[in-house]
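Dear colleague,

Please find below the structure that I am handing over to you, together with its sequence. My findings follow directly after it.

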Amino acid sequence: MLDLNWVAKNFDFVVTRLAARGGTLDLSRFKELFAERKKVYVELEGNQAKKNKAQELMKTDASKRAELGPEMKALGVVIKDAEVKLKGIEDELSVLVMNTPNVPHETVPTGASEHDNVVSRTWGEKPTFTFTPQQHFEIGEKLGLLDFERAAKVSGSRFAFSKGALARLERALAAFMIDEHSKKGYLELLPPYLVSRQSMTGTGQLPKFEADAFKTVGWGETEEERRRSEFFLIPTAEVPVTNYHADEILEAMPVKYCAFSPCFRAEAGSAGKDTRGLIRMHQFNKVELVMFTRPDQAMEAHEQLTADAASILEKLGLHYRQVLLCTGDMGFASTKTYDLEVWLPGQNAYREISSCSWFSDFQSRRAKIRFRPAPGEKPQLVHTLNGSGLALGRTVVALLENYQREDGTVKLPEVLVPYMGGMTELRAG
């Protein structure tokens, strides 16, 4: 959430940068409300000062009580009406700002879509094959390790069963990733998979993206009781881990966490996209990285977090590119985002496997997460960052497609062999 006072002072800059995101965002109502709020506030302060002065006079001069009584009564009504009006303005501003995205950082390139993103670096080389590489779902089904048909029977579309060695591979990847990130100082958390509406709001998923979330049915006799007792299935571990420090003041910075969790997404609006395979699922597993840092260290922390996520791809020997997202392709809460896109030879395309974002104080203002710059100093809002380190299903996709062999088997990277109990390849049966 943006700071309303900062928006008011830098209105033209905010309008320009948010316009670069594209879409139909209209900030004209902000300007109207800022002017109205200032006017009402000035009048309210003036009338409150008159009231205070009259009260002091009545205390020192009893003869003034009868004279000023009617005036004080009328003034009290005016003040109360102004307070109600001011609250109405503040409430409308609050609703507007909760639905307004973060301002892109000055280093973010201006663009309308993913076609305007900028490749900042690449690592490794595309693998070469003496045969036509297959897509991951073809490989998995031929090996008898992926079952979409029974998953559809059990749950519907966009679900899958992984079987045998492939199920073990995903488990192995989770352990491998957590171990690697722990070496870099990330503390492992195992978070709840159900969170409150307040937590979803704290990280920016609500109110903007409620249609993309799975939620439980609340209970109670009234609408408010039912709303308070709702739970949301987490779309990412970012939500519970970021809110781990909601309403707290952190004394030491930075704070770094990694967490494995399932993720649940309704994928509203994605009909027809990636309907086959493991790319776009309603349920998938992921290892998430979350950082809390001082504002003056946030840009450097963003580079480091992205490098930490990328190091997993490098240890797995997977060719990827790092992409700086343009203003029109950034997430709602982000001020700057790098995507890591892994090469998938079966699809002959790069696909996102990690999105590493810096949120400035957009989330911490909502969740009230602060730090103390020095003992005794006034607390300030932290900057939050997170990224996938990595998405497990998409890592499985990348391994199947990059390490496939002509005979249908799949070689496993050496770093995973200990996690696979000595298994060096995936094969049928």
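I begin with a charged pair: aspartate 3 and arginine 365 form a salt bridge in which the closest N and O atoms are 3.9 Å apart. This pair links distant parts of the chain, as the two residues are 362 residues apart. Aspartate 3 lies in the segment before α1 (4-9), while arginine 365 belongs to helix α12 (residues 362-367). With a relative accessibility of 28%, aspartate 3 counts as partly exposed, because that value falls between the limits of 20% and 50%. Please bear in mind throughout that this is a predicted model.

**Overall description**

The protein chain contains 13 helices and 17 strands. Along the principal axes, its C-alpha atoms fill a box of roughly 105 × 50 × 45 Å. Of the 429 residues in the protein chain, 48% are buried. Contacts between residues at least 6 apart in sequence were also examined, and 74% of them join residues at least 24 apart. The protein chain exposes about 21300 Å², of which carbon and sulfur atoms supply 51%. As to charge, there are 56 positive and 58 negative charges, and their mean positions are 2 Å apart.

**Further salt bridges**

A search of the whole structure finds 24 salt bridges. Besides the pair described at the start, I would draw your attention to the following.

Glutamate 180 forms a salt bridge with lysine 315, and the closest N and O atoms of this pair are 3.7 Å apart. Here, too, distant parts of the chain are linked: glutamate 180 is in helix α7 (residues 164-183) and lysine 315 is in helix α11 (residues 298-315), 135 residues apart. Lysine 315, at 40% relative accessibility, is partly exposed.

A further salt bridge joins the side chains of lysine 286 and glutamate 288, with an N to O distance of 2.4 Å. Glutamate 288 is buried, its relative accessible area being 3%. Lysine 286 likewise counts as buried, at 5% relative accessibility.

Salt bridges also link Arg197, Glu210, Lys215 and Glu230 in a network.

**A nonpolar surface patch**

Which residues form a nonpolar patch on the surface? They are Leu194, Trp219 and Phe231, and together they have about 320 Å² of accessible area. Phenylalanine 231 is located in the loop between α9 (223-228) and β6 (232-233). Its relative accessibility is 32%, so phenylalanine 231 counts as partly exposed.

**Serine 311**

Finally, serine 311 is found in helix α11, the helix that also holds lysine 315. Serine 311 is buried, because its relative accessible area of 11% is under 20%.

Yours sincerely

Conventions: Residues numbered from 1 in each chain as written. Predicted model: local features only at pLDDT ≥ 70, side-chain atom pairs only at ≥ 80, totals over all residues. Heavy atoms only, no water. Helix = DSSP H or I, 4+ residues; strand = E, 2+ residues; numbered from the N terminus. Buried < 20%, exposed > 50% of the residue type's maximum accessible area, 1.4 Å probe, protein only. Contact = heavy atoms within 4.5 Å. Areas by Shrake-Rupley, 256 points an atom, 1.4 Å probe, with all protein chains shown as cover. Lys, Arg positive; Asp, Glu negative; His and termini not counted. Charge placed at Lys NZ, Arg CZ, Asp CG, Glu CD. Patch = residues over 30% accessible without salt bridge, like charges linked within 9 Å, V, L, I, M, F, W, Y side chains within 5 Å. Salt bridge = Lys/Arg side-chain N within 4 Å of Asp/Glu carboxyl O.
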